[in-house]
Each structure stands twice: as structure tokens, then as C-alpha cells.
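I opened this notebook to record what I looked up in the structure shown below. The entries follow the order in which I worked.

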Amino acid sequence: MQTTTAPSITTNHTKDFLPLHGTDYVEFYVGNAKQAAHFYKTAFGFQSLAYAGPETGVKDKVSYVIRQNKLTFVLTTPLRSGNEIADHIYKHGDGVKVLALKVDDAASAFAETTKRGGKPYLETTVLKDEDGEVVLSGIHTYGETVHLFVERKNYKGIFMPGFKKWESDYNPAETGLLYVDHCVGNVGWNQMNPWVKFYEDVMGFKNILSFDDNDISTEYSALMSKVMSNGNGYVKFPINEPAEGKKKSQVEEYLDFYNGEGVQHVAIATNDIVSTVTELQKRGIEFLKIPASYYATVLDRVGKIDEDLEPLQKLGILIDKDDEGYLLQIFSKPLEDRPTLFFEIIQRKGAKSFGKGNFKALFEALEREQDARGNL
Ligand code: FE2
């Protein structure tokens, strides 16, 4: 099967049983939340927002909430060993635990998804303080990752009950990061289609794009991917699985080091990728290197673009187009020592796709890194 584009996702007239207003936050379980918060503030320009820990009555963990525009991260560390969070970090290293989604009705989201086979993670729970109430519920997805449904229409506090405002004297400038564009999951051999079915059946998502191993392969390694989207397109979850190649798939390397399925990358939108990436590189974020040969022919493939090619080449930004426009994208090296989670920075100029034209250049760059680690 070649790349296929499904019919428009807006043609379905049946009522969406899980209306989503986008990503509410991404929560990471990390070994040291204080230092991780410092890193994300310093390197990516997140702002201090909220804190929960012993000082706010939470005895067993601390969480720092940081925000940039509509992008909110929660960084959580356990204060002791022998609990679910500590075990998660021992097994996976630092990684994404929660992809939290904005809903109007968390109780309905829980009822509708569990009725369709979603495995409960958190029964509907109302958190209250003097600023109102936040209602949470949640279900499991691939690996140990979960989706929380967050209803905050009756809340005017800083983040949610249990958190206090985090005032800091250290406030590095933002870097132009705006919101989560998409979040990619890596799943095991032959697990892509079962998870596609999960997003279809349990969450009402549609498969909007598919890539097989002919699309995504190099001389050495391969993967397959299907992009799942909710009805309004605010939430997009591509799902990757490894495919057989001459050498080890990059997805397999991830599964080995993450010790299971999990979030491979979070793609973050910007309106000015050249200035965002210039700033991120200045602050020490490393990106995959793209060979000069890529830029010799890229404009033949994508046609005219608004940007000068020279700064894109200097920074290593990739370009691709579809029927609706073009996009600019770049991929960071792994954010931790384990070759697991990385970030994509993406600027869409009409294009709604995911950079298929860049897969080969991108995966060759990834393989050079994988080879340097001795894992190819
Ligand atoms: Fe991506």
C-alpha cells in the first residue's frame, strides 16, 4: 500500500462523542523536576507557572508547571522510591506520562471512551479550591502512557487545585513556541493497526494519512506510520511501528531504550521557525544535521517559498509541501541520554501534512546518530 489520504475528516455528520479543544498539557515523569524545569526554561524559554509539592500539601511528589503561549508542560518527580512514578522513571527514563486533552465534560469523556473499550486510568474526579473546580478523568493508551480529560470551564485559578503560583526571579525570554502540533507514539511490532483501531473505536479519531515502509525507508531501516486525528483536527497522534530492514529500525532502538511503547516526539508549532531555531541553538539545543546535498535540490521539489534558503540550510531546517501549502520543520537530538524522546519544531504555511518528502533525509540523519551509538 502506498501513501493514502483519507477522505475529508469533516464529512462525518454524526455527533462527535469526544469533542476535544486541543492539548491541555503534557506531563513528564522525570528524575529531577527542579533541574528539568530549569532546563526547559533556560533552553526553550518556558515561563514559570505553578508548583505543587510538600509546601502545598502534596507529600509524595513535586510538580513544576511551565508554560509558553498555549504550550503547557508539567514536570513531576517522586520524593521517594517504591511508587508508580519512581518505577516509571526506573523503567523508561524520563518520559511522557500524560497527554492531557481539553474537554467540556470530563465525566462524559470518561463514560463515552470506557463504554467503547477504553481502559480506565482515572475515574471522574472533581478537584476544588477557592478558584473553582477542575474535573479530571482518564484512560490508558499505548505502553504506560495515559490520556487525561481536563475540564476547567469552572476554574479561574492558575493551573488546578493543589497548585500554587510559581513566582521566580529567573525568567528567560520565550523562543516563539506556541502549541502542540502533534504527538507521535512508537508502538511494537504489528501494534500500529491495533492502536489505530483504538483511536478510531474508543476516541472517535480518523486515520488521515498512512505511510508504509516504502515511504519511510532508507538503505538500512524502515518504519510504518499512520496519522490519527480527532474531528476538528486539533489533536493529531501519528502512530509508528518498526518495519524490517537490513538493520535495526529507529523505532526498535526507541522501544529497546524506553523499555516499551511510548511518546517518541512532541511537535511544537512556531510562527517563525528561523528565529525560534536560531534562539534554541544559541541556548544549546542540538538538532539533527542535514547534508548540503539536501538543499541543492529541495526547491526543485517544493517550489517557491517565502524564506531565504540560506538561513534554513545553516540551521538545518527541512521543507516539504502538499496540495495546500508547505511546511518547515526540524528535529532535535534526543532530549535525554536515552535515545528516546525528542522534539520537532514545525511552522505550517498551509500544509497539513507531516513532511513525507523529508523522511529519507531525516531518517538518514537519524541513522547516523543511531550508528554513532552502536545501535544500528
Ligand atoms: Fe512529527
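**Entry 1. Strand pairing.** I took two strands as paired if DSSP finds at least two bridges between them. Helices (H or I, at least four residues) and strands (E, at least two) are DSSP runs, numbered from the N terminus. I noted that this is a predicted model, in which local features need pLDDT of at least 70 and side-chain atom pairs count only at pLDDT 80 or more, while totals for chains, interfaces and linings use all residues. Residues are numbered from 1 along each chain as its sequence is written, and side-chain values use heavy atoms, with hydrogens and water left out.

I looked up strand S11 (residues 177–186). S11 and S15 run antiparallel and are joined by seven bridges. Within this pairing, I found Val180 with Ile268 of S15 as its bridge partner. With strand S14 (residues 236–243), S11 pairs in the parallel sense over two bridges, and Asn186 stands opposite Asn240 in S14.

I then checked burial, where buried means under 20% relative accessible area, exposed over 50% and partly exposed in between (1.4 Å probe, protein chains only). Nine of the 10 residues of S11 are buried, so this strand is largely enclosed by the rest of the structure.

Entry 2. His265 is buried at 7% relative accessibility, and Glu344 is buried at 2%.

**Entry 3. Domains.** Domain bounds come from an automatic or database domain assignment. This assignment gives domain 1 (23–165) and domain 2 (177–373). Their centres, taken over C-alpha atoms, are 25 Å apart. Counting contact as heavy atoms within 4.5 Å, I found 41 residues of domain 1 in contact with 32 residues of domain 2. Buried area is the accessible area (1.4 Å probe) that two parts lose on being put together, summed over both. Between the two domains it is about 2,900 Å², of which carbon and sulfur atoms give 67%.

**Entry 4. Salt bridges.** I counted a salt bridge where a side-chain nitrogen of Lys or Arg lies within 4 Å of a carboxyl oxygen of Asp or Glu. The count comes to 19 salt bridges, with zero between domain 1 and domain 2.

Arg152 lies in the loop between strand S9 (146–151) and strand S10 (164–165) and Asp24 in strand S2 (residues 23–29), so the pair ties together parts that are 128 residues apart in sequence. Arg152 is partly exposed at 22%, whereas Asp24 is buried at 3%. Asp24, Lys102 and Arg152 are linked in a network of salt bridges.

I also recorded Lys349 with Asp306, the closest N and O atoms being 3.0 Å apart. Lys349 lies in strand S18 and Asp306 in the loop between helix H7 (292–302) and helix H8 (309–315), 43 residues apart. Lys349 is partly exposed at 25%, and Asp306 is exposed at 59%.
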